[in-house]
Amino acid sequence: MLLFSCAESGQDGPINVAFIGEGNGLSEKGLRLSFAGQHVRAATSEGVVTLDPSGRILPNLAERWHVSPDGLFYTFKLREASWPDGEPITAEEVSRILDRTVDQLEGTSLGLDFDKLEEVRAMAGRVIELRLSSPMPEFLRLLAQPELGLMKNGNGSGPMTLAIGEEDDFSTLTALPPESRGLPAVRNWEGLTRPLNLRVLPAKAAVDDFSNGDIDLLLNGKLSDLPLAELGPLSRGTIQIDPTQGIFGLAFLSADGLLADAARREALSMAIDREALIQPFGLAGWQPMTTIVPATVGESAANPIAIWSNQSMDVRRATASSRIANWERSAGEQARVRLRLPPGPGNDQLFGQIRDAWSGIGVNTIRVADDAPADVELRDRIARYSSPRWFLNQFNCELRNGLCSEAADALVKSSLELRDPAAKRRVLADAHAVLLAEQVFIPFGAPVRWSLVRGAIAAYEPNPWGIHPLFPLSQIPN
């Protein structure tokens, strides 16, 4: 990506942060959080552990922890901390809130990710213990997710507090003094910290404000908006690309008519040249994929590969075209697909390439609005942790968000009890193979996330998880 020269802004004044999005996710209270809501929740509601700017696990309410040799028991020693009302945070409260939160996540993919958690209990003193059904090396990362921030009566314990602005105005995050959180006091705390002014803006307005110097940090850029950043007058900032992993492609919502057969759904996948799809965006290092789970995730065992993935595009499209033509002759109608893509100049480019690829095999593609019926829609999600199970959980039938496979779900569920790593990898690889055979998804590659970062922002680092903690931004650099 292009790097633009950086001009230093003030070191001590407020940091102006904008999230690309719609509405105002800054004041969300539930567990289905927008990108902006995740960042505010992480800043205002401490969890047991947290993430640093690079995405590494750090202590938070837990000052230390121990994992049993078999990987089944996580024991956390909580530091002395207080709620905003001054009441101490106890192990009993933490265990009860964690239990309730996991229960409330039922019906979401994040809830499925916690299926290995069997028990949360308070121990003597400020100690809690979490028991798993089988080892999960990425469990601490799962606990660090913003939704696991602890709240009492709708309020968290910091490390920041949010003041909601008036309509169309910014909201402000302020770092709480350490002593209010049960930590040793820091001399001249106010002189060592600065507030963060937050806004949620549409992509073009956000890029324009960054270009004008009104925003210091712009987060949640996606491929749909990337052309705005590439073309904007960003001489005072830098485009940063997160090295993300996750799912980015087309999910099938319908199994009717043309899409009733997996071979015809596969034909749509075969017709797409993934390298050509991303080429106009100039993303060096982006790797195309024809599988749901990346080969690099979870030491995948016998990761299935589509037979056609090594064939030339001419051969692939000839095979796909034949399948479509056979259906048209038997059905007596033209093949068509209704495709739902969010707005944005990047998605306009993406639609044009998909439309042309499918037109080449005899399929008419119709782009529909967000609230209109669709056969296929774009899925663009960052992985919460690095395991095949996260990717497979995105297509679990319990979520009711598109085609799925009960057989794949059963295999994933059976893996929860397996303690042998090799056996677990084999079962998850089998589940992956079932999903690929069912053709529930057309993978493109890794999701794209970009930010615009002013030169004076020192506490920002690109990371695979797309979460950029706000609290470190409040610390004035030495």
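Here is a short chat about reading helix packing and nonpolar cores in a predicted model.

Reader: Before we start, what should I know about the numbering and the pLDDT limits?

Author: Residues count from 1 along each chain as its sequence is written, and side-chain values use heavy atoms, with hydrogens and water left out. In this predicted model, local features need pLDDT of at least 70, side-chain atom pairs count only at pLDDT 80 or more, and totals for chains, interfaces and linings use all residues.

Reader: Which residues of α8 meet α10?

Author: Among them are Ala263, Ala267 and Met270; on the α10 side, Ala320, Ile324 and Trp327 are included. Contact means heavy atoms within 4.5 Å.

Reader: And which residues have the most contacts inside the largest nonpolar core?

Author: In soluble globular proteins, nonpolar side chains tend to be buried together. The largest core here has 106 residues, and Phe76, Phe114, Phe139, Leu218, Trp358 and Phe444 have the most contacts inside it. A core joins buried Ala, Val, Leu, Ile, Met, Phe, Trp, Tyr and Cys through side-chain atoms within 4.5 Å; buried means under 20% relative accessible area (1.4 Å probe, protein chains only). Apart from that core lies another of 22 residues, including Ile15 and Leu198.

Reader: What is the bridge partner of Val17 in β12?

Author: That's Leu198.

Terms used. Helices (H or I, at least four residues) and strands (E, at least two) are DSSP runs, numbered from the N terminus. Buried means under 20% relative accessible area, exposed over 50%, partly exposed in between (1.4 Å probe, protein chains only). Two strands pair if DSSP finds at least two bridges between them.
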